[in-house]
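Let's read a structure together, one feature at a time. Have the sequence and the 3D view open as we go.

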Amino acid sequence: MSKQNLILKADDLSKRYEDGVLALDHLNLEVRAGEVYCLLGANCAGKTTAINLFLNFIPPTTGTCYINGIDVTKDPLEAKKYVAFVSENVMLYGNFTARQNLDFFAKLGGKTALSKDAYYQVMRRVSLQEKAFEQRVKTFSKGMRQKLGISIAIIKDAPAILLDEPTSGLDPKAAEEFLEILQELKSEGKAIFMSTHDIFRAKEIGDRVGIMKEGRLVLERTREELQFEDLIKIYIDYMKSEPLTA
Amino acid sequence: MIGTIVKREILDYLKSAKFQIGLVVTLVIAVVATAINIQDFKLRQQDYTAAREEMKGNKYEVLIYRPPQVLSVLVQGKDRVLGSKASLTTLTIPDRLTGYMGSRGAERQRSLSGFGSVDFAFVVRVILSLMVVFLAYNAVSEEKSFGTLKLALANPVPRHHLLLGKGLAGLAIVLGSLFIASTASVLLMLVQPFIVLAGSDVMRILNLVAASALYLIAFYALSLFVSVLVNRPSTALMILLQLWIILVVIYPHLGVDIAENFFRLPGDRELSAMKQAAFQPYEAEFNKVRDAYRYKGDRSPETGRRYFELQALESQKSHEVDLDFGRQLTRQMRLAQNLCLLSPAVLFDRMANRYARTGLDEYERFMQGLARYWQTKYLGLQKLRYEDLKAYQKAEVPAFDYPTERTAEAWIATIPQGLILCLMSLILFVLAYAAFLKKDVR
């Protein structure tokens, strides 16, 4: 895979919070175009911190994040042009319809001249029911909101997509539909970086899977490597193992 | 980018139940209060005209009535409570007005005065400012707690654009609500045949609306600041409601209490003693001349004139004591006002009363006009009684007039309050801006 396809890069990234907690410890990872990277780990392992650092919501203590080759800390606004984000629990503006929400976030993402049909097409693509397009979002289920969340990411058409536990709380069918959409995005060449607790789906969709423990990336495997290994066993063994020494 | 944010925010406000309910409540109260105050003004105006006609003939005890102010329909201020009747004799220059214009219709309507104090200024001071708090408390805090802030800032949106967009939209909604409420109230006034607004009145109304806007902007800036600082919308609302009660209710009263304790004013007995002491040097002569004129039958012009002069002097001395008391009272009031400089409600009240001519300033102006009238016109008339009785009998009671404050003067006088409100809003916006730039949006 060529260097040019590198979309997301964490270079020796660390984050220590004001209270002294080391949330991320020298993380190094890369995600290329057309690749899905799944980051596994228990709560407080540092997965969300990594995403927050990529989105420049918090400054790194050491190291650098790059999106499309742009240093996120130095030029956050430019870097954010190339990344879309889907959170664990997509909350949108409840008084607005699905289309109005999509329209607002599309404009924030720089897509200012999209037609109603373009919004409808994206919502159809994520299998949102037609009747929901012009419904107020406050009536939506979590699954519907997640679909709308991924619509927002799709319509931005950024080369990188960050997903923070996007299937958490979804029923199996909704989660399956969600992963199908990610597969499509992957085939379109998007670099997808997803934090998750869901080992099964990480194995299913991930081209590479990383396991984090106490802020450290303790293991990284490719899809090919995982064909010969039991990811569930590896993950559980890591979780059960002794705490890492600082 | 800012346009997109402003548009979304405005739409969000317009769709929210809190805005719709707030606007309806504001409109209903503004219209009902204005309608009641219009009827009250009509009765007071009729009473004023009738009272003036009836009392024209009495030359010795001249009754002067303070006219009701047309803008009291919008800002009642102290127009009713300070009294409106002054009785002038050689012996008295009134230090304060008493009573109402006789026992007339409007007085019987006082059962409405509980609602009479609810006026446009009340709508702004209480209803709209509360509406502002309810609109803005969650401007940032709710987005933070919901996660929409994180989603928005995952895009190439500068933070200051987001806050500016929110601020502009909030201001548009607040000022729009104010515009609707004030337009409804003024239109209701304009359709009354007995209310004629002069050009200066229109200017004063515009100034009143501008002062209202500054007041509401200050509350909006405060609400936005708290909303940025606090992550939980319910906590932000609680803090803001407490601040509102402190700034609008508690703090102004506290200022008055402190000022009253700091500046102890003489009571009625002390004032009476001071008046007696001021006239003491002339007391013996006064008694002598009075006895000669009234009891010993000395009706020579010299004695009569001297008796009149001493009576006038006693009134003058008494008035000087009253003036001094007035100055102390003013100092006490100024101290209270200065202590309350950080209350937007106090600043707004001062501006509103000034523009509507229903505050203490206008009252003082009337009282000064009264004293001048007593000295320059009334005494001249009474002097004739002792110098030329025929001329006195033919003479008519001189007309009373006093120079009301020009709109430009009122505007200049309220610049400090306006500047403080502007500065307050600016500081709060800057603080909100600085806090938002550093806000942890995770």
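**Reading helices and contacts**

Q: Where shall we start: is helix α13 of chain B mostly covered or mostly open?

A: Keep in mind that this is a predicted model. A residue is called buried when 20 or more other C-beta atoms lie within 10 Å of its own. In α13(B), 13 of its 13 residues are buried, so the helix is mostly covered.

Q: What does the end-to-end distance of α13(B) look like?

A: You compare the C-alpha to C-alpha distance with the span expected at 1.5 Å a residue. Helix α13(B), residues 344-356, has 13 residues and reaches 18 Å, close to the expected 18 Å. Just past its end, B:R357 takes a positive phi of about 60°.

Q: Which span should helix α5 of chain A have, and what does the model give?

A: Use the same kind of check here. With 15 residues (142-156) at 1.5 Å a residue, α5(A) should span 21 Å, and its end C-alpha atoms are 21 Å apart, which agrees. After this helix, A:D157 has a positive phi of about 55°.

Q: How many residues of α5(A) are buried, and what do they pack against?

A: Count first, then look at the neighbours. In α5(A), 12 of the 15 residues are buried, which makes the helix mostly covered. Among them are A:M144, A:L148, A:I152 and A:I155, along with A:K147 and A:K156. The buried residues pack against β6 (83-86), α3, α4 (116-125), β7 (160-164) and α6 (172-187) of chain A.

Q: How do I read a helix pair, say α10 and α12 of chain B?

A: Look at the approach of the axes, then the angle, then the hand. The axes of α10(B) (residues 233-262) and α12(B) (residues 301-339) come within 8 Å and cross at roughly 140°. Angles over 145 degrees would count as roughly antiparallel, and the two helices are therefore oblique to each other. Their crossing is right-handed.

Q: Which residues make that contact?

A: From α10(B) come B:G255, B:V256, B:I258, B:A259, B:E260 and B:F262, and from α12(B) come B:Q332, B:L335, B:A336 and B:L339. By class, the contact has seven nonpolar, two polar and one charged residue.

Q: Finally, how many residues of chain A are in contact with chain B?

A: The size of an interface is often given as the accessible area lost when the parts come together. Here we count residues instead: 20 of chain A are in contact with 18 of chain B. On the chain A side, helix α3 (residues 98-108) gives the largest share, four residues. That side has 11 nonpolar, six polar and three charged residues.

Methods: Residues are numbered from 1 along each chain as its sequence is written. Chains are lettered from A and ligands numbered from 1 in the order in which they are written. This is a predicted model: local features need pLDDT of at least 70, side-chain atom pairs count only at pLDDT 80 or more; totals for chains, interfaces and linings use all residues. Axes are lines fitted to C-alpha atoms, for helices over the stretch in contact, and angles run from 0 to 180 degrees between N-to-C directions. Angles under 35 degrees count as roughly parallel, over 145 as roughly antiparallel, 65 to 115 as roughly perpendicular and the rest as oblique. A crossing is left-handed if the near helix is turned anticlockwise from the far one by less than a right angle, and right-handed if clockwise. Two residues are in contact if their C-beta atoms, placed from the backbone, lie within 7 Å. Ala, Val, Leu, Ile, Met, Phe, Trp, Tyr, Cys and Pro count as nonpolar, Asp, Glu, Lys and Arg as charged, and the others, Gly among them, as polar. The expected span of a helix is 1.5 Å times one less than its number of residues.
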